[in-house]
Amino acid sequence: MAKVIEKFFIASIFMWAIPIAILYAFNHNLFPGASDMSPYSLTLISGFLAVISVNIVIAFYIYLAMKEPSDKHEPDPKFVSEAKASVKHLVPDQTHESSSTSKKDE
């Protein structure tokens with residue numbers, strides 16, 4: 001569980017830090033050729049690259065989540081048995097309610 005939280009925390013930091021770094025770099029002419037652009041183009045390109053960088057981080061996080069082995073995650077047997085019992089308990093009540101509702105509609 002600690003690894004999952006660690007991956008989430010790192011991805012969250014990257015989703016915040018990378019776009020800020022891109023915007024800072026464009027606004028302070030750290031990229032070659034950025035000083036030759038108009039302010040409108042500079043804002044448009046830096047914003048577009050910042051959004052793309054967030055999407056790349058999200059895609060990478062999803063990839064890491066999908067790559068994680070699924071056999072490690074076993075549901076709690078007590079919870080599963082209680083959930084099945086509660087569903088079985090609710091099923092007869094729901095059929096009774098639906099038949100009384102259909103009689104009211106007529």
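## Overview

Of the 106 residues of the protein, 10% count as buried (under 20% relative accessible area, with exposed over 50% and partly exposed in between; 1.4 Å probe, protein chains only). This is a predicted model: local features need pLDDT of at least 70, side-chain atom pairs count only at pLDDT 80 or more, and totals for chains, interfaces and linings use all residues. Residues are numbered from 1 along each chain as its sequence is written, and side-chain values use heavy atoms, leaving out hydrogens and water.

The secondary structure comes to 3 helices and 0 strands. Helices (H or I, at least four residues) and strands (E, at least two) are DSSP runs, numbered from the N terminus. Along the sequence the pattern reads α-α-α. Among contacts with a separation of 6 or more, 63% come from residues 24 or more positions apart; contact means heavy atoms within 4.5 Å.

## Helix geometry

Two packed helices are described by the angle between their axes and the distance between the axes. Here, the axes of α1 (residues 2-27) and α2 (residues 39-67) come within 9 Å and cross at roughly 165 degrees. That makes α1 roughly antiparallel to α2. Angles over 145 degrees count as roughly antiparallel, under 35 as roughly parallel, 65 to 115 as roughly perpendicular and the rest as oblique. Axes are lines fitted to C-alpha atoms, for helices over the stretch in contact, and angles run from 0 to 180 degrees between N-to-C directions.

## The α1–α2 contact

Helix α1 contributes K7, F8, A11, F14, M15, I18, P19, I22, L23, F26 and N27 to its contact with α2. Helix α2 contributes L42, I45, S46, G47, L49, A50, S53, V54, V57, I58, Y61 and L64. By class, the contact has 18 nonpolar, 4 polar and 1 charged residues. Ala, Val, Leu, Ile, Met, Phe, Trp, Tyr, Cys and Pro count as nonpolar, Asp, Glu, Lys and Arg as charged, and the others, Gly among them, as polar.

The buried residues of α1 are A11, P19, I22, A25 and F26. They pack against α2. The buried residues of α2 are L42, S46, A50, S53 and V57, and these pack against α1. Take S53 in helix α2. Its relative accessible area is 10%. Leaving aside residues up to four places away in sequence, S53 touches I18, P19 and I22.

N29 lies in the loop between α1 and α2, just after α1. Phi of N29 is near 55 degrees, a positive value in a residue other than glycine. Most residues other than glycine have a negative phi. At 42% relative accessibility, N29 counts as partly exposed.

P39 is found in helix α2. P39 is exposed, with a relative accessible area of 65%. The C-alpha atoms of P39 and N27 are separated by 9.0 Å, with the two residues 12 apart along the chain.
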